Amino acid sequence: MTNNNSKQSKNRRAFLRGSLATGAAVMSASALSEGKLFAAPTLPATQGDVNILRFLAAAELIETDMWQQYAELGGLTPGQQPVETDPSFVPMSSYQAAFMNLDPDGPQYISSNTTDEQSHAAFLNAYLQSIGAQPVNLDKFRTLPSSTATPAQQIGRLTNLMNITVDTSWYVRYRSATNPDMGAAYPQAISLVNVPAIPRTNADYDLSNIQAIANIAAFHFGFIEQGGSSLYATLSQKVSSAEVLKITLSIGGDEICHFLEWVDFAGNSVQPSLAPLAAANGLPAFPNFDVTVNPSLQTNLIFPVPCDFINPNLPPCAVIRPTSQGQIDAVGAINAFIAGGIFNGQPQTFLNLLMELAIAADSATRIII
C-alpha cells in the first residue's frame with residue numbers, strides 16, 4: 001500500500017528546492033543585469049580607526065619629507081641622458097654615483113620610494129576627508145633648513161637628515177632566529193652616530209669618501225621602512241572596519257616591498273668591492289662584514305630568517321617583526337624618530353602633536369561584530 005502523505009511530502013520538498021534554486025538564479029541574473037549585487041553590510045570606521053589613520057597620515061607625511069630630500073639629491077635626475085652631447089644632459093653627482101655603486105638602479109628606487117610615500121600621505125588624508133574625519137596638516141612645522149647642496153630645493157622641511165643617528169639593529173634582527181615580540185634584543189650592526197645622510201653643501205660632493213654618506217643613507221633607508229612594515233602590521237590588529245583594514249594591509253604591503261630593497265642596499269655597502277671603507281673627513285668607517293662568518297651580519301640575505309612566532313613550541317616562521325604593542329607601535333615609531341635626531345630643531349609643540357596622535361592610535365581597540 002502506497003503512503004500518499006509521504007509522496008506528497010517528498011513532492012513538496014522537491015518543489016521547494018526547485019523554487020529556491022530558480023529564485024536564486026533569477027535574483028543573480030537580475031542583479032547582474034543591473035550591474036550590482038547585494039553586499040554584506042560593513043562596519044563603518046570607528047573613532048579608533050580614524051585615530052589610526054590620522055597617525056598613519058602624519059607618519060607618511062614625515063616619511064615623504066625625508067624621501068623627498070633623498071630624491072632631490074640622490075634620486076633619478078629628470079632629463080638625465082646617457083650621452084653628454086645631448087643638450088639636456090645633466091651630469092650625475094658623486095652622491096648619485098655612490099648610490100649606483102650600491103645598486104645600478106639605486107637612484108630610480110629612491111625616486112620610486114618617494115612617489116609611493118607621497119601617494120600614501122595624499123590617499124590617507126583624502127580618505128579621512130571622504131568619511132568626514134579631520135585630515136592631518138603639518139605644514140606650519142616645515143621650518144627646518146634644507147641642504148644647500150645643488151639641486152636641493154630651498155624650502156622648509158619637517159625633518160633633518162644632515163645630522164642623524166641611525167639605529168642599525170634592524171639589520172641584525174632580521175638575520176636572527178629570535179623575535180623581539182618574545183623579548184629578544186639586538187646589538188647595532190654598525191655605529192652611525194651624529195652623521196650626515198645627505199650632502200650638506202656642494203663641498204661634500206668633492207669628499208674622497210662621499211660613498212660613506214650614501215652608505216649612511218642606505219642603513220637609514222632600512223631603518224625607515226622596517227618601521228613602516230612593523231607599524232602597519234601592529235596597528236592593523238586594532239582596526240575594526242573591513243575597509244580600513246584593507247587600507248592598512250595594502251599600504252603596509254607596499255612598505256614591506258620597500259624594506260626588502262633597502263636590506264639589499266645596506267648589505268652591499270659592507271661587502272667588497274665597496275668595503276672596507278676607511279673613516280675620513282669626519283665620516284665613519286664601513287668594515288667588510290664578509291671578513292668573518294657571522295650569520296647575524298650576512299650581507300647576501302634579503303628575506304627575514306624564520307624565527308619564534310606566537311608560541312616558542314611552534315615551528316619557526318619567517319615573519320615581519322616586531323608586531324606587538326609597546327615596540328614599533330605608534331608611540332614607539334615616534335620615539336625612534338626622536339632618538340634618531342630627525343626632528344632636531346622642531347619645537348616641543350610639534351613633538352607633542354605627534355605624540356598625541358600616536359597615543360590615540362595605540363589606544364584604539366578592535367570592535368568585533
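Q: What makes α2 count as largely enclosed by the rest of the structure?
A: Of its 28 residues, 25 are buried. A residue is buried when its relative accessible area is under 20%. With 25 of 28 passing that test, α2 is therefore largely enclosed. Keep in mind that this is a predicted model.

Q: How do you know that the reach of helix α2 is close to the expected value?
A: Helix α2 covers residues 47-74, which is 28 residues. At 1.5 Å a residue, 40 Å is expected. From the first C-alpha to the last, α2 reaches 40 Å. The expected span uses one less than the number of residues.

Q: Why is α6 called largely enclosed?
A: Count its buried residues: 26 of the 27. Each of these lies under the 20% cut-off. So α6 is largely enclosed by the rest of the structure.

Q: Which residues touch the most other members of the largest nonpolar core?
A: They are Phe55, Tyr70, Tyr95 and Phe219. The core has 92 residues. Helix α2 gives the most to this core, with 15 residues. In soluble globular proteins, nonpolar side chains tend to be buried together.

Q: What is phenylalanine 219 in contact with, leaving aside its neighbours within four places in sequence?
A: Its partners are Val166, Thr168, Trp170, Tyr171, Ile190, Leu192, Ala266, Ser269, Val270 and Phe286. To count as a contact, heavy atoms must lie within 4.5 Å.

Q: Why is α3 described by its direction relative to α4, and what is that direction?
A: Two packed helices are described by the angle between their axes and the distance between the axes. Here, α3 (residues 94-102) and α4 (residues 106-130) pack at about 100°, with their axes 7 Å apart. Angles of 65 to 115 degrees count as roughly perpendicular. So α3 is roughly perpendicular to α4. On the α3 side, the contact uses Gln96, Phe99 and Met100; on the α4 side, it uses Gly106, Pro107 and Ile110. By class, four of these residues are nonpolar, two are polar and none is charged.

Q: Are α8 and α9 roughly parallel or roughly antiparallel to each other?
A: Their angle is about 155°, and their axes are 7 Å apart. Angles over 145 degrees count as roughly antiparallel. Therefore α8 and α9 are roughly antiparallel. From α8, the contact takes Ala330, Val331, Ile334, Asn335 and Ile338; from α9, residues including Leu351, Leu354 and Met355. The contact has ten nonpolar residues, one polar and one charged.

Q: Which residues of helix α8 are buried?
A: The buried ones are Ala330, Gly332, Ala333, Ile334 and Phe337. Their cover includes α2, α6 and α9. After α8 comes glycine 341, with a positive phi near 80°.

Q: How far apart are asparagine 51 and alanine 364 in sequence and in space?
A: In sequence, 313 residues separate them. In space, the distance is 7.2 Å, C-alpha to C-alpha. Asparagine 51 sits in helix α2. Neighbours within four places aside, asparagine 51 is in contact with Leu357, Ala360 and Ala361.

Q: What kind of peptide bond joins threonine 150 and proline 151?
A: The bond is cis, with omega about 5°. Proline 151 belongs to the loop between α4 and β1. Another cis bond runs from proline 272 to serine 273, where omega is near 10°. Serine 273 is in the loop between α7 and α8.

Q: Is asparagine 194 buried or exposed?
A: Its relative accessible area is 53%. Exposed means over 50%. So asparagine 194 is exposed. This residue lies in strand β2.

Technical notes: Residues are numbered from 1 along each chain as its sequence is written. This is a predicted model: local features need pLDDT of at least 70, side-chain atom pairs count only at pLDDT 80 or more; totals for chains, interfaces and linings use all residues. Side-chain values use heavy atoms; hydrogens and water are left out. Buried means under 20% relative accessible area, exposed over 50%, partly exposed in between (1.4 Å probe, protein chains only). Helices (H or I, at least four residues) and strands (E, at least two) are DSSP runs, numbered from the N terminus. A nonpolar core is a set of buried Ala, Val, Leu, Ile, Met, Phe, Trp, Tyr and Cys residues joined through side-chain atoms within 4.5 Å. Axes are lines fitted to C-alpha atoms, for helices over the stretch in contact, and angles run from 0 to 180 degrees between N-to-C directions. Angles under 35 degrees count as roughly parallel, over 145 as roughly antiparallel, 65 to 115 as roughly perpendicular and the rest as oblique. Ala, Val, Leu, Ile, Met, Phe, Trp, Tyr, Cys and Pro count as nonpolar, Asp, Glu, Lys and Arg as charged, and the others, Gly among them, as polar.
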